[in-house]
Amino acid sequence: MGEPLLHGAVVRRVDIADAVAALEVRAPGETSVVLVGIARGLRGVGIVSSDERRAAWETRLPAGATRTRGGAGARVEGGRIVGVSARTVGIEAEGVTFVISIGPLRIAIAEGTVDGPDGEDVRAEYEARGKELLAALRAEAHERRRDGILRAIQRGVSKLQRRIGAMRGDLARLADAEALAAQAQWLIAAAVRAPRGAKELEVTDWSTGEARPLVVPLDPAKPARAQVDAMFQRARRLKRGAKIAEERIAKAGVVVEGLDAASELARRAEDGRGLDVALAKARALAPRDVALDAGPTGPGSAPKQTKSAPFRTFVASGGARILVGKGAAQNDQLTFQNARPHDLWLHAKGRTGAHVVVPLAKNTTCPGDLLVDAAHLAAHFSEARGDGVVEVQYTPRRYLRKPRGSAPGLVVVDREKVLPVRLEAGRVERLLEAEE
């Protein structure tokens, strides 16, 4: 068998992830990389020669992974190889023998011995296995990157489809508002006769030539005539915005089609350059909506466990962040777990909707333009969306309390101010496009 394979080679660097370890070793006249890996059905130890060392090092670990700095991994750097077998590499350092081995699911390193180390006469087999491992690791890295790009594009498509759905909802409300406006002559007459505190208007609709009962709910705290006038104003406003909404829906549809085409490019890409082209096309179409996952995505990386935030984040015109709860239970979490006592809290007054939080520094007040931006989001993410003017209550978070046993999202406000907000479609659109 002769001398053990790589016997006495100095270990200059070690990187270990879950499914691959890479050791840069220096023997007289040669520097190599020893790969201990699990990839695409391959499990074993291989050697990558100096001419492929750069490619091996670029593929060795997940993108963004950190070198081994503590424990046995760090201790073996500077040690010497004492034996190599098909599944293990033995390294002597500080008078102790450490073994890097392939476990059932991951790479392990511990004190031990190498059973039956191979000799230099089988080096060609290790070099062949090293090339196979390197190719498998590269293929896995390519697939992981492809998957990340496809996820990013799909998230962008989902965001655009939500916007399209919201705009189509506005158009649907336009049809309802126009139908209501057609009853103007009967509603106005009934509103003039309605007593104070009326909860509904009941009239007969003759617009089709036949008598049909028509019941319109009212807010008893407001004059009936003022509410009817507001209905007609809303119908006129929605009608003016219909053409713009239809144009934006068409534009968003074109972007969705472009993102679908970029996804197909990514699926067919055979190398990194092809993936770069697909990602560039997607980002050019929707730069704010297509973003890659953060964190390791390369070979050997463990699945990233993340807990979804209970809020969405929007960036105001001045760069400040505005947090918007995703639902009733998430509203509670945002308000009572994420928000600090001095942060500003907003909500559409008397309406079902999202809690909105503006993070503020202690002993500071919310700038006027930021307050208006946050109030627009509170109105938009509420059942008052589409109304011309929405009352938004706001107060520092410390003036809120949650009654024991109350429904999700319900809070009691001890002190508040109310801001009547006349909704500006352009401001709302800018905020929605600036979602992080």
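Okay, let's start with Lys 417, which sits in strand 18, residues 417-422. Strands here are DSSP runs of E, at least two residues, and helices are runs of H or I, at least four, both numbered from the N terminus. Before I go on: this is a predicted model, where local features need pLDDT of at least 70, side-chain atom pairs count only at pLDDT 80 or more, and totals for chains, interfaces and linings use all residues. Residues are numbered from 1 along each chain as its sequence is written, and side-chain values use heavy atoms, with hydrogens and water left out.

So, is Lys 417 buried or exposed? Exposed, because its relative accessibility is 55%; the cut-offs are under 20% for buried, over 50% for exposed and partly exposed in between, with a 1.4 Å probe and protein chains only. Leaving aside residues up to four places away in sequence, Lys 417 touches Val 392, Gln 393 and Tyr 394, contact being heavy atoms within 4.5 Å.

Now the rings. Searching the whole structure gives one aromatic pair. That's Phe 314 and Phe 381, tilted because the planes are at 40°, with centres 5.7 Å apart. Phe, Tyr and Trp rings (six-membered ring for Trp) pair if their centres lie within 6.5 Å; under 30 degrees is stacked, over 60 edge-to-face, the rest tilted. The two residues are 67 apart, with Phe 314 in strand 11 and Phe 381 in the loop between helix 8 and strand 15. Phe 314 is buried at 0% relative accessible area, and Phe 381 counts as buried at 17%.
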